[in-house]
Amino acid sequence: MDTPLTTIAVVGLGTMGTGIAEVLARAGREVIGIDVSEAAARQAVASLENSTARAVRRERITEQERSDILSRFRTFSDLRAAADAELVIEVVPETYEIKQQVFRELDAVVSPTAILATGTNALSVTRLAAESQHPERVLGLHFFNPAPAMKLVEVVSSVLTAPPAVESVTRLARELGKEPVAVGDRPGFVADGLLFGYLNQAAAMYEANYASREDIDAAMKLGCGLPMGPLALLDLIGIDTARTVLEAMYSASHDRLHAPAPVLGQLSEAGLTGRKSGRGFYTYDAPGGQDVVPDALTPTASAGAATGRDVNSVGVAGSGTMASGIAEVFAKAGYAVVLAARSQEKADTAKARIAKSLGRSVSKGRLTEEARDETLARIIPAGSLDSFADVDLAVEAVAEDLEVKRELFAALDKVCKPGAVLATTTSSLPVVAVARVTSRPEDVIGMHFFNPAPAMKLVEVVRTVLTADDVHATVREVCVKVRKHPVDCGDRAGFIVNALLFPYLNNAIKMVEEHYATLDDIDAAMKLGGGYPMGPFELLDVVGLDVSLAIEKVLHSEFRDPGLAPAPLLEHLVAAGCLGRKTGRGFREYARR
């Protein structure tokens with residue numbers, strides 16, 4: 001098992017199998033492609049011909065190198081072609097019956113020292129290994145789609161797997177230019193174990209009509225920096241495949257967060273499995289197509305939509321980073337801004353922070369000195385809310401404490417003129433709770449900006465059951481004018497982004513608690529396998545563990561789901577004062593500045 005893996009068979013030449021074959025052939029391995037469908041085999045060859053031709057045109061390889069790559073890939077329709085392979089990777093459909101049949105037949109074909117790898121991302125490697133006469137040589141080798149581009153490979157050991165087999169495929173993964181992560185055998189492993197719970201919650205959020213598919217996807221892309229929204233990603237993966245993975249995860253965890261959302265079953269049974277069928281959560285130009293086309297659910301400009309109120313001046317209450325950032329956003333867009341803090345000194349300090357931020361933009365060539373000066377001139381710092389008497393829109397950005405916000409909104413109710421829109425930037429508290437302390441709850445709405453406000457494009461627009469239509473229209477219009485992307489959501493814990501993000505972060509902590517994977521492996525898996533800009537533990541330390549714990553508690557309190565209970569490790573770290581980067585220690589330690 002520790003011999004060099006030079007001849008490798010790939011069983012199943014669908015999208016993933018073809019991609020793996022390409023990676024191997026480009027790396028100098030002799031590749032035996034096997035598929036019962038001759039059409040699939042022809043398509044795999046054509047795919048490799050096309051991708052290598054593109055590489056030649058882009059001068060990444062020579063014509064001779066292309067010829068060598070193509071000569072190393074041969075296709076067959078019979079498993080007996082794998083007789084000389086030192087490693088066989090099966091990537092057949094995700095069912096035990098088909099995969100077990102492949103392993104039984106391979107036992108009679110390959111040498112006793114050959115390694116057998118399953119590409120499953122949902123099924124038990126141990127159960128598949130038990131079907132083999134040599135279970136010690138069976139392991140999981142989970143590539144990510146598209147295999148030529150994605151760096152992560154999860155190397156999955158069962159309790160039966162021999163260490164030399166693991167060492168051989170780990171070495172191979174590195175030679176292929178991949179980043180191998182060693183994991184144990186449980187459904188979903190690391191990356192999909194975290195990813196599919198998040199995707200499932202997004203599907204359930206859509207099914208509950210809490211937010212539109214477009215707003216859910218835009219929120220996660222713009223609010224978290226993800227390459228794709230969750231519903232578009234489900235269409236890419238295949239809704240039937242996602243349902244299979246979740247069923248396997250739920251059978252092992254019995255966590256309600258893994259119980260497949262009913263809409264996944266409904267779409268699967270209807271044959272609406274995503275891109276491959278031409279329709280899933282979205283509709284595509286053709287089966288297998290990538291371009292979304294309008295359908296009955298595509299948003300259109302409503303003829304009877306409410307007209308917003310005029311907004312010329314904006315008041316921002318607060319003196320912290322978020323308040324300063326929001327004031328900068330409005331001033332840049334041409335609004336007259338009153339920045340009110342608890343004292344004139346704090347307000348002046350906040351304006352100085354804005355001046356520093358604008359100065360950085362000037363030094364980077366993003367802003368002219370004239371535009372900087374004009375922006376600063378639009379901001380009037382004030383030490384009292386009395387300065388909000390004439391503003392058209394008041395935006396609260398103070399501490400995330402319900403009593404503090406209620407007290408402030410009671411003051412705004414007395415100070416602000418009739419018809420002024422009152423907005424809270426809360427990320428987790430009920431908007432209606434602050435609206436009810438005013439005599440005009442219909443004028444109150446949530447405007448959840450993301451940090452840093454000048455850079456982040458997303459604003460969650462949160463309507464309560466009392467918010468007036470023209471107030472909602474006003475805030476959406478203002479968001480567009482300040483070059484932000486508004487998404488609509490109702491007044492419930494977490495709104496869109498935090499309701500999907502923090503359970504994912506909490507589940508990552510649980511993986512560490514259970515000693516399933518290390519911080520570094522989990523962060524690497526999500527960045528390399530999921531395209532996340534930061535791993536979950538990097539993000540938790542940046543956000544602050546105390547802030548994260550508070551949001552988890554709010555989600556758990558509202559939805560009463562046991563799976564949302566904060567991970568004990570998170571609570572312990574917060575109790576110990578390890579709050580992340582701001583204290584120098586969270587899940588990791590940081591150098592003091």
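Let's start with the aromatic pairs: a search of the whole structure finds five. Two rings of Phe, Tyr or Trp (its six-membered ring) pair if their centres lie within 6.5 Å; planes under 30 degrees apart count as stacked, over 60 as edge-to-face, and the rest as tilted.

Some ground rules. This is a predicted model, so to speak of local features we need pLDDT of at least 70, side-chain atom pairs count only at pLDDT 80 or more, and totals for chains, interfaces and linings use all residues. Numbering runs from 1 along each chain as its sequence is written, and side-chain values use heavy atoms, with hydrogens and water left out.

Take Tyr504 and Tyr532. Their ring centres are 5.2 Å apart and their planes sit at 35°, so this pair is tilted. It links distant parts of the chain, 28 residues apart. Tyr504 is in helix α18 (residues 497-513), and Tyr532 is in the loop between α19 (519-530) and α20 (536-543). Helices here are DSSP runs of H or I, at least four residues, numbered from the N terminus. Both tyrosines are buried, meaning under 20% relative accessible area with a 1.4 Å probe, protein chains only.

Next, Phe537 and Phe587. The centres are 4.9 Å apart and the planes at 65°, so the pair is edge-to-face. Phe537 is in helix α20, and Phe587 is in the segment after α22 (568-575), 50 residues away. Both are buried.

Which residues do ring pairs link into a cluster? Phe330, Tyr335 and Phe449.

Last, charges over rings. That means NZ of Lys or CZ of Arg within 6 Å of the ring centre and within 35 degrees of the ring normal. Arg127 lies over the face of Tyr96, 3.6 Å from the ring centre. Arg492 has its charged end over the ring of Tyr210, at 4.0 Å from the centre.

Methods:
Helix = DSSP H or I, 4+ residues; strand = E, 2+ residues; numbered from the N terminus. Buried < 20%, exposed > 50% of the residue type's maximum accessible area, 1.4 Å probe, protein only.
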